[in-house]
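User: I am new to this structure. Please show me how to read its main features.

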Amino acid sequence: MVPSHDPGAVDSHVGVLQSGADAAPSDPIAGRRTTRRAVEVTTGMELVLSILGGIGILMAIAVNATTVTRFIDERRRSRVQPTAFGSAATDGPGADPPSTHRSEPGAAAISGAGGAADASSVGPVPAAAAAATRPSIRTPDQRVRVFVSSTLVELAEERAAVRTAVEGLRLTPVMFESGARAHPPRDLYRAYLDQSDVFVGIYAHRYGWIAPGESVSGLEDEYLRSGERPKLIYVKRVEGGREPALDTLLGRVRADDCVSYRPFDDADELRDLVAEDLATLLSERFDRLPEAWTQPVTATVPGVWGPLFGRERELAQATALLDDPSVRLVTLVGPGGIGKSRLALELAHRLRARSGDDVAFVGLQGVDDHRLVAGAIAAALGLRGADERGAAETLEAYLATRRSLVVLDNLEQVVAAVPLLVRLLEVAPGLTLLVTSRVPLRLSAERCVPLSPLPIDAVPAATSPEALVATARANPAVGLFVWRARAADPTFDVGPSNAAALLRLAARLEGWPLAILLAAARVRHLSLEALQRRLDATLGDRLDTLAGGAHDLPERQRTIRRTIAWSVDMLSDDARALLRCTSVFVGGADLEAVEAVTGAGAPPGSGPTTATLDALAELVDHGLLQRVGVETGVRYLGFELVRETALEQLQASGEESAVRSRHAEHFLRVAASDGVALQHGRAERLAVLRNEADNLRAALAHVTSTRDAVAAAAFARSLWLYWWIEGQGAEQVPWLREVLGAVDSGVGPDHGPQVRLDLLLGLCACTLQQRDLVAARAAMDEAEAALTAVDDVPARAVLHIARSIVHASDGDLDGCGRHAEAARTSAASVGWPWAESFGWVMLARTAIGRADLAEAERWAAAAATLQAEAGDPQSESWARLCLAVTYGLAGRWSEAWAQVRVALTNLDALAFHGAAVFALEVAAFIAQRSGAREHAARLTAAAETAERQFGRAAFEPEAGVVRKALSEVARDEPAGARAWAEGAALPLDVAVRYALDLDI
């Protein structure tokens, strides 16, 4: 080879490390042959193979970031210590004579330090000492080195293209540039070739200069010394032929089946070829894991305490998804304290025991920076050295060839780590992720398993102590309470004395696991009754009761208030504001109601704004609201404990009064629409009003507290029939009297007689529904007086109906008939079929009282026909029952039973329980009169049971006839007693089914 001062050195092909700028070595290395272990071939990233040109370069950067870093460590471990130049191990074509110089990897030349040390200052370094002094913390420049062999002047443009391709992949190009050097060129290129990882040869016309005493050029010497390194050879298509020695060399290259050999035309094509080939090479050849990683890793899963309560459905659903090879990401979604972590642990333990795959549980509750998630996963997998290498790259390399289940608990607080998860799923085909989060990750590969509160059972209305205990023991919410309570009191158990209280507690806590655990911890100091009283207390006391808990709970779960507040803090400003507004809803709300309380300024009925929809979606995603389908459409339901926490925040914000006023205004519109529709035969509106029952109560409470008599009167005018049907008389009378008292005492403005009349109409209906005839007469008298100042025909028709009922109850058939006819006439004059048909029904009842069955049949049949044509099944049912009694008294059993069937079917569909009770009595009456005595006993007993639970409708003057017959039902004889006991145990809906199945 030519000395560095010789002009011929321009083509001497000497490699010098370039790491940002030329750096001279502190200790030249020459003549050392590196012994290298065979590199394991692992699965390649086939996506990279399809990427061409500039796109290939960009993608290769991302794809090979992991393999590049892994390869560096493999190279460090695989290198042997240098031997003396010229030894038998280094002899070969063109080798230098023996030299006293030795080199140590990690010296300044390797690290890229700027200054060159005097070669004589570096003495022999034993192999053990070299290993001991090798730095464990590596500098950033120590990337995979690509040695580029070529002539310089001839291929200057191509060399620049290769440098661009190599650096584009974040690798280090090792390239000689002419200039003064402190060491002989041969020492330099051999030293840096030995320290390089990949050999790239570029050839065109020239073979290169042969130094005196050498048989080959430096170009060929570099190829011969490349050893077992991966070799990428590129030959430029040229005109005029090549130098013969180069043709001979290329012939040897083509014969080597371990070499990649590719022709090219210009520098641009070469740049793309090198980028593509290096990317593929790094993916397929150097994807070898550190030896420590190939050993079994102890991936820990925390133990579980106690059984899993009430999650059989979710457990089966999640297990099925995790067993599906096409599902790689499963998210358990639900609000804080709902039991996501407990279910995830159960799944992890079961799947690990069954499959034997790696299962790791990664608790992220203490991780508040998404950049730390990779390190947390690596630590859970037991990977050593992850912090040194870069945790994300470590994970990609480790998981790429394994079947693993990684459980990520509480991901919602570091949801920005989702791109890391996507990357891991891409590079690790055997990886499955099980995530717990308060919000879905919104990835196409994600399958969600939503968690709701534990199922709860209402306390049965009438059952034996044994059955009550069995119901409580079978309830998962009660089971969780008892399990936790035993930690405070080992003797605690379910028994006849506490079964009902436990069921009520579970219902009060909404089946929320964390709330149950916190409440159960109180049994050490509080009885169940005292605990129930605290939970029924004021808002602050209720939330404070649910505090404390086990010391191993996360800090944020030590109180239910803190748990919910932590979830709320994760929301956007719009979502937090909407949650505060929705806290005034009781029992949920539809989209129109939600929009109304936000005060967005849009006219009623104009539809929700995009901001409202986005905020609602966020609340649903975080599990703070539930979106459910009901008969009347979609509703948004909140958990009571969340609502109470949000209500505290609403009160603190100073917005409560304005929000409650908007709430009341909206539900006044609902009452005016659906309540009045119900009074005009639109029985289907009953379902809407039932859905909004709690919101209507809240709205009434607000207008009462603000002494808004006008709004209160409007509610009364719209809802009196709804209260009547639903049996809400006792509930509504107090506030009606309070508002009437305020009006009569002159509090507020003088509202005039119409406001007072509307309030009195409501009071008439409610006192009559309570069968408080004294109060009803008083309210009617006051209403009559108010009517003298107001021309209100519908109100007059209602008063006539009410008076006809009172007279019938007093046995005054003449008075009943007189007011019934007046009601019918008034209603007909204003086209009100409901009130008109009710007048006919009262006339038929009067005829029944007189035993004029022909007249009774005429009036009842007319009412039934009118209501059937009007499509009012509720009013039609009253007419059918009156007709059934008439037929029963006449002994026309089959006709009577046909009328009962129609009435029972209508009332059951409407869930009009009070009227259904009377319908069962009519059915029992017909069965008794027809001789079906055991059926009569069952139906009578069932009616008595249902009446204790639901009450009974008030408007049945013919009930005297029916009940007189039922008093004769046999209860003492064995068959009758048995039938009576069987009927008493029947729930109302089952009793209705039983009656409909009879054939009298």
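This is a predicted model: local features need pLDDT of at least 70, side-chain atom pairs count only at pLDDT 80 or more; totals for chains, interfaces and linings use all residues.

User: What does the chain average in pLDDT?

Analyst: pLDDT is the predictor's confidence in each residue, from 0 to 100. The chain averages 77, and 76% of the residues score at least 70. Helices (H or I, at least four residues) and strands (E, at least two) are DSSP runs, numbered from the N terminus. Confidence is lowest in helix H4 (residues 108-111), with a mean of 27. It is highest in strand E6 (residues 329-333), at 94. Residues 1-139 have pLDDT below 50. That stretch still has 314 contacts (heavy atoms within 4.5 Å) beyond near neighbours in sequence.

User: How do I read two packed helices?

Analyst: Two packed helices are described by the angle between their axes and the distance between the axes. Axes are lines fitted to C-alpha atoms, for helices over the stretch in contact, and angles run from 0 to 180 degrees between N-to-C directions. Under 35 degrees counts as roughly parallel, over 145 as roughly antiparallel, 65 to 115 as roughly perpendicular and the rest as oblique. Take H28 (residues 656-679) and H31 (residues 709-726): their axes come within 9 Å and cross at roughly 45°. H28 is therefore oblique to H31.

User: Which kinds of residues make the contact of H28 with H31?

Analyst: Ala, Val, Leu, Ile, Met, Phe, Trp, Tyr, Cys and Pro count as nonpolar, Asp, Glu, Lys and Arg as charged, and the others, Gly among them, as polar. This contact has 15 nonpolar, three polar and one charged. Among them, Phe667 and Leu668 are in H28, and Trp720 and Arg717 are in H31.

User: At what angle do H38 and H39 pack?

Analyst: H38 (residues 853-870) and H39 (residues 873-889) pack at about 155°, with axes 8 Å apart. They are therefore roughly antiparallel. Their contact divides into twelve nonpolar, three polar and three charged residues.

User: Is Ala797 buried or exposed?

Analyst: Buried means under 20% relative accessible area, exposed over 50%, partly exposed in between (1.4 Å probe, protein chains only). Ala797 has 0% relative accessibility, so it counts as buried. Ala797 is found in helix H35 (residues 793-810). Beyond neighbours within four places in sequence, Ala797 is in contact with Ala823, Ser826, Ala827 and Trp832.

How values were computed: Residues are numbered from 1 along each chain as its sequence is written. Side-chain values use heavy atoms; hydrogens and water are left out.
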